[in-house]
Amino acid sequence: MPNRDWSHLLDIPTFPADRYASVAERLGALMGTRNDVLLIQAEAVVALEAVATSLARPGLSALNIVTSPYGTWFGNWLQRGGSDVVNLTAEAGRPVDAQAVQAALDANPGVTVLALVHAESASGILNPLEDIVTLARARGILTIVDAVASIGGHALAVDRLGIDIAVIGPQKSLGGPAGLSALSISPKAWRHLQRDTAPRSSILSLMDQKEQWLDTGRLALPGTPSPLEFFALQAALDRIEAESMEQVVKRHDLAKRATRSGLSALGAQLWVEDHAASALVTTAVLPSSIDRDTFLSRRVIAGADLSPGVGPGTERLIRLNHTGPRANEESVLANLTAYSRALDAADQPNDLDQGLRAVVEIYRVPKS
Ligand SMILES: *Cc1c(COP(=O)(O)O)cnc(C)c1O
């Protein structure tokens, strides 16, 4: 059991200044990049806002892919800074189609920046990241990827794909703390960021981070670092590295396959096809006769985590959470049991035995 005496969190020593660089490098390794990695002392949405704020300027033309509220916010931040933003909004709650991206790029030849989210916890979808980054790179377009949810749940090969800016957070699939985040920045992205009118003396200024940390030998971070967050991040990195990133991704893939197989066997309807499904949460569509709030009020099973979808198009969706420490057989079984019990309570026929059997079957296949 975790130690619930929170007074242990008081009076802790400062995080050693010479360890920030190694934390950044370890995060870079998980992201598959040798680019500069900046540490942001705030949750990941702040890192995303810092990227948009630091890049935005009048005359910049961006294609912003919207598959959840995070994408909407990103486009708004770019616009706030005077940029021209073309929002490509996918069908509500669905992944974007790479062909639609190609058409939007063809129709907007002046675009120099493209932004998208890799995998969405809000709706349980996975965007075709590699196809889209390839399209952008062929046109010399700078790519920005929100990999906050996906890191650890899906393979993220920043350098192999050539992603210019990738933003991550430790608190989703990596099972770490929520109070800090990180981003990788390619040399090409630095050329976009380095300009006289770039924001300075701001918590959202990436140039401040560069000048006050990267360019000064990567010792003390600007501001007052929270040792609690950094010790927790270090522990999360230790745990991930001990398991290996490859295995962490496999564990999420297994939880995804087991959940999807279990839901299908139970008689539930999955929201997206396999190739378009995230490995973080699985979304199921509620039968139209069932009221979602009533359904969710009956989800109480120990170890289960069911929640409503978030954002437009998700009004009929239920998310079964198998992210991070929850990507395991026990959580998958608990989720499925809770789902079935809530269907029972609504007099909706379903077969829990078949569902549980399907889950166990997936986990029984020997590990490769
Ligand atoms: C969770 C999440 C964020 C925001 O992260 P916070 O740490 O909650 O600010 C951004 N983008 C995506 C895709 C996310 O899943």
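Reader: Which residues does Thr143 touch, skipping those up to four places away in sequence?
Author: Thr143 touches Leu114, Val133, Ala136, Gly162, Ile163, Asp164 and Ile165 once residues up to four places away are left out. Contact means heavy atoms within 4.5 Å.

Reader: What kind of model is this, and how are residues numbered?
Author: This is a predicted model, in which local features need pLDDT of at least 70, side-chain atom pairs count only at pLDDT 80 or more, and totals for chains, interfaces and linings use all residues. Residues are numbered from 1 along each chain as its sequence is written, and side-chain values use heavy atoms, with hydrogens and water left out.

Reader: Back to Thr143, where is it, and is it buried or exposed?
Author: Thr143 is found in strand 7, residues 142-146. Helices (H or I, at least four residues) and strands (E, at least two) are DSSP runs, numbered from the N terminus. Thr143 counts as buried because its relative accessibility is 0%; the cut-offs are under 20% relative accessible area for buried, over 50% for exposed and partly exposed in between, with a 1.4 Å probe and protein chains only.

Reader: Switching to the ligand, which residues come nearest?
Author: Glu43, Val45, Asp146, Gln171 and Lys172 come nearest, out of 14 residues around the ligand. Near means that one of a residue's heavy atoms lies within 4 Å of the molecule.

Reader: What distances do you get from ligand oxygens to Gln171 and Lys172?
Author: For Gln171, a ligand oxygen atom sits 2.5 Å from an N or O atom in the side chain. For Lys172, the side-chain N or O atom is 2.7 Å from an oxygen atom of the ligand.

Reader: How much of the ligand does the protein cover?
Author: The protein covers 92% of the 380 Å² of accessible area that the ligand has on its own. Those areas come from the Shrake-Rupley method with a 1.4 Å probe.

Reader: Which elements give two or more residues to that shell?
Author: Helix 2 (44-55) and strand 5 (119-120) do. The largest share, 3 residues, comes from helix 2.

Reader: OK, the packing: how many residues does the largest nonpolar core have?
Author: That core has 82 residues, and Leu39, Val101 and Leu114 have the most contacts inside it. Such a core is a set of buried Ala, Val, Leu, Ile, Met, Phe, Trp, Tyr and Cys residues joined through side-chain atoms within 4.5 Å. Helix 2 gives the most to this core, with 8 residues.

Reader: What about another core?
Author: Another one lies apart from it, with 25 residues, including Ala258, Leu266, Phe295 and Ile362.

Reader: And what does Val101 touch, beyond four places in sequence?
Author: Val101 touches Leu63, Ile65, Leu88, Val96, Leu114, Ile132 and Leu135. Ile65, in strand 2 (residues 61-66), is buried, with a relative accessible area of 2%.

Reader: How far apart are the C-alpha atoms of Ile65 and Thr89?
Author: Those C-alpha atoms are separated by 5.9 Å, although the residues are 24 apart along the chain.

Reader: Last one, Asp84: which strand, and what accessible area?
Author: Asp84 is in strand 3, residues 84-89. With a relative accessible area of 47%, Asp84 is partly exposed. Leaving aside neighbours within four places, Asp84 is in contact with Leu60, Ser61 and Ala62.

Technical notes
Polar contact = N/O pair within 3.5 Å; in protein donor to acceptor, adjacent residues only side chain to side chain.
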